[in-house]
Amino acid sequence: MNMPRLLPVLCCAVYFFLLAPILVVVLASFNAGAFLTFPPQGLSLRWYRTFFHNAVFLRAFIESMEIAVAATSISAVIGTMAALFSMRTTPALANIVRLGMTLPLVLPEVLTAIGLLFFFYAMGIGVHYSVALLVGHVLLTLPFIYINVSTSLRSFDPSWELAARSLGASPFVTFYRVTMPLMKSGLTSGCLFGFIVSFDAFSTSFLLKDVGTATLPIQLFDYLRLNFTPEAAAVSTFSIIVTFLIVIMTKTIFGIRFTK
Amino acid sequence: MTTVAIENLTRHFGRTRALDDISLSIDDGHFVSFLGPSGCGKSTTLRVLAGFDACDRGRILFDGQDVAALPPEQRDIGMVFQSYALFPHMTVGQNVAFGLEMRRLPRDAIRQRVRAVLDLVHLADHSDRHPRQLSGGQQQRVALARALVIEPRILLLDEPLANLDAILREEMRVFIRELQQRIGITTIYVTHDQAEAMAMSDMIVVMFGGRVAQVAPPRDLYECPGSLQVASFVGQANYLAGHVAHDNGQLAVVTPLGTRPLDGRSAITAPAPARNILIRPESICITPPAASDAVPATVISVQYGGNLTNYVLALADGQQLHVQTATPPSHAGGDRVGVRLADAPLWVIPDCRP
């Protein structure tokens, strides 16, 4: 076979299988009919209207956003500190930190979630006040922040910080003016990954959520067990759009370039 | 401007003594090099002076003020790193302005001083470039400008030429030395390259194993080393067994290659038996084998070096001699020749028996 000519075909096929389901969901959300079918029976925005008037879905959406923002923020601080520590300490200690920080990525999500569930009940806290849920999501997002920040620090020259100090900058100003700007791209993409992973998480949220609350993926799952209307597709499309908006916003605000 | 005094500086890393009771004083406006092999403590000394590393014991005095407890940002130093350490996310102008911004100077004053110092290092039209767009030599000069623009009390340079190629290194040597003399700033320079230290310094501090072996101006260091270790580190050296004796009422050094007066800088005041005599390769002359006062020798190898020729010769007793002449090679391996000492006083290495 002629490989160079086969390659673009293969690429297109891969993209098709990856993106076609998403396209189907988006198209199905504009369905005018009463059932989630494809191709859609007529075009309408009625299921979006239903969604925006559905308090349960809206609450779940806000809950998801809150958890994702809170978890990513906490992870950003812990992950960045850990990445800076790994850079400055001995290689042996750095390896131990790296292992600890990336462990949540290696262990099955369900196992981590069950472990946390037992732990929080043993502590007498249980799943109240979303503490367990938040801790679970922090664990989920931590590896992404740690890995991304570590990567952007790989080419970091410790002399940069010393130079800043010798020029009269305090440790805080050195961090703010030199260290931070040089790891910004890693931190931003790490937060982005973390946010999306948290927004999307199912097992962790399912096991650790407080009674009566639900994140968007769980609400969607609950809904689809009993209903089969295009409203589910509308909710999905809406969260795709929100995710996209967040990526674009971060890109413009922090001006990160995805190529170096 | 500024004098520097180091008193009993000691620093341990675990159980090894990186700095072992270093004491030293540096005159205002002097260019002092710390010279030694890697791991001798010269870089540690610089880091302790800059405040990047603490010392376990000792005092560091800038103009009599003890700065040992101050963090680096309060020591008022200018530092140039081996990797230059230019901030990659800032332009050349922003890099140079950084130290002035930390000192909260008005914006106009900053702009003026940045322009002036970039003029000084011939990079005035590179102000808006990023460091990665500059050559190694240009980055070096930006690093120098960034350290000098804050008008620090002392300038610290940590092997700044190590990453440059040979020709540029020679150029920068002259440039840095000239700039330093023009500004008159007290400068401490760390290097493992003895030629670099000799070419630039007013004073050289030779260090071995965390201790100061000798402090001397370049010429004294080369001609009158205090120990075998120093003599061998600073240039090539031959050692002949000899002794000091009276000769016509003066002290003279008697060696297998002949007798010459004792160097006036020597502390030896009486005849002394069995000493190591330092003979630099350029103070041995090659003569025809039958010359009157020559000692016979055999050429072992010849190395042509353009302006200089290096020979390895063997005396009758098997001792090898390194000889350097300023003439093109006139002998080949296996030739029989004669050697005699140049007519100059000889240095006896103190407290060192063959």
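Of the 354 residues of chain B, 38% count as buried, where buried means that 20 or more other C-beta atoms, placed from the backbone, lie within 10 Å of a residue's own; 12 or fewer make it exposed, and values in between partly exposed. The model is predicted: local features need pLDDT of at least 70, side-chain atom pairs count only at pLDDT 80 or more, and totals for chains, interfaces and linings use all residues. Residues are numbered from 1 along each chain as its sequence is written, while chains are lettered from A and ligands numbered from 1 in the order in which they are written.

Chain B contains 8 helices and 20 strands. These elements are DSSP runs numbered from the N terminus, helices being H or I with at least four residues and strands E with at least two. Along the principal axes, the C-alpha atoms of chain B fill a box of roughly 75 × 45 × 40 Å. Two residues are in contact if their C-beta atoms, placed from the backbone, lie within 7 Å. Among the contacts in chain B between residues at least 6 apart in sequence, 68% join residues at least 24 apart.

Chain B is divided into domain 1 (4-232) and domain 2 (236-348), with bounds that come from an automatic or database domain assignment. The centres of the two domains, taken over C-alpha atoms, are separated by 38 Å. Across the boundary, 6 residues of domain 1 of chain B are in contact with 6 residues of domain 2 of chain B. Helix 8 (residues 228-233) of chain B supplies the largest share of the domain 1 side, 3 residues. By class, that side has 4 nonpolar, 1 polar and 1 charged residues. Here Ala, Val, Leu, Ile, Met, Phe, Trp, Tyr, Cys and Pro count as nonpolar, Asp, Glu, Lys and Arg as charged, and the others, Gly among them, as polar.

The interior comes next. In soluble globular proteins, nonpolar side chains tend to be buried together. A nonpolar core is taken as a set of buried Ala, Val, Leu, Ile, Met, Phe, Trp, Tyr and Cys residues joined through C-beta atoms within 7 Å. The largest such core has 104 residues, and those with the most contacts inside it are B:Val96, B:Ala143, B:Ala145, B:Leu156 and B:Val339. Helix 4 (residues 136-148) of chain B gives the largest share of this core, 6 residues. Because domain 1 (4-232) and domain 2 (236-348) of chain B both give residues to this core, it lies between them. Apart from residues up to four places away in sequence, B:Val96 touches B:Val114, B:Val117, B:Leu118, B:Val142, B:Ala145, B:Arg146 and B:Val149. A second, separate core of 28 residues includes A:Val138, A:Ile145, A:Val149 and A:Phe199.

Helix 1 (residues 42-50) of chain B is mostly covered, with 9 of its 9 residues buried. Among them are B:Lys42 and B:Arg47. Just after helix 1, B:Gly51 takes a positive phi of about 95 degrees.

One sheet of chain B can be followed strand by strand. It is an open sheet of 6 strands in the order 6-7-8-3-9-10, with mixed pairing; two strands pair if DSSP finds at least two bridges between them. Strand 6 (77-80) and strand 10 (211-216) of chain B are the edge strands, each pairing on one side only. Neighbouring strands of this sheet are turned by 20 degrees against each other on average, direction ignored. Strand 7 (residues 154-158) and strand 8 (residues 186-191) of chain B run parallel and are joined by 5 bridges. In strand 8, B:Tyr189 is the bridge partner of B:Leu157.

B:Leu262 counts as buried because 21 other C-beta atoms lie within 10 Å. Leaving aside neighbours within four places in sequence, its contacts include B:Val244, B:Leu251, B:Ile268 and B:Pro345.

Chain A has 11 helices and 0 strands. Its C-alpha trace spans about 70 × 65 × 40 Å along its principal axes, and buried residues make up 33% of its 260 residues. Between the chains, 17 residues of chain B are in contact with 14 residues of chain A. Helix 2 (92-102) and strand 6 of chain B each supply at least two residues of the chain B side, and helix 2 gives the most, with 3 residues. By class, this side has 12 nonpolar, 3 polar and 2 charged residues.

Definitions and conventions. Axes are lines fitted to C-alpha atoms, for helices over the stretch in contact, and angles run from 0 to 180 degrees between N-to-C directions.
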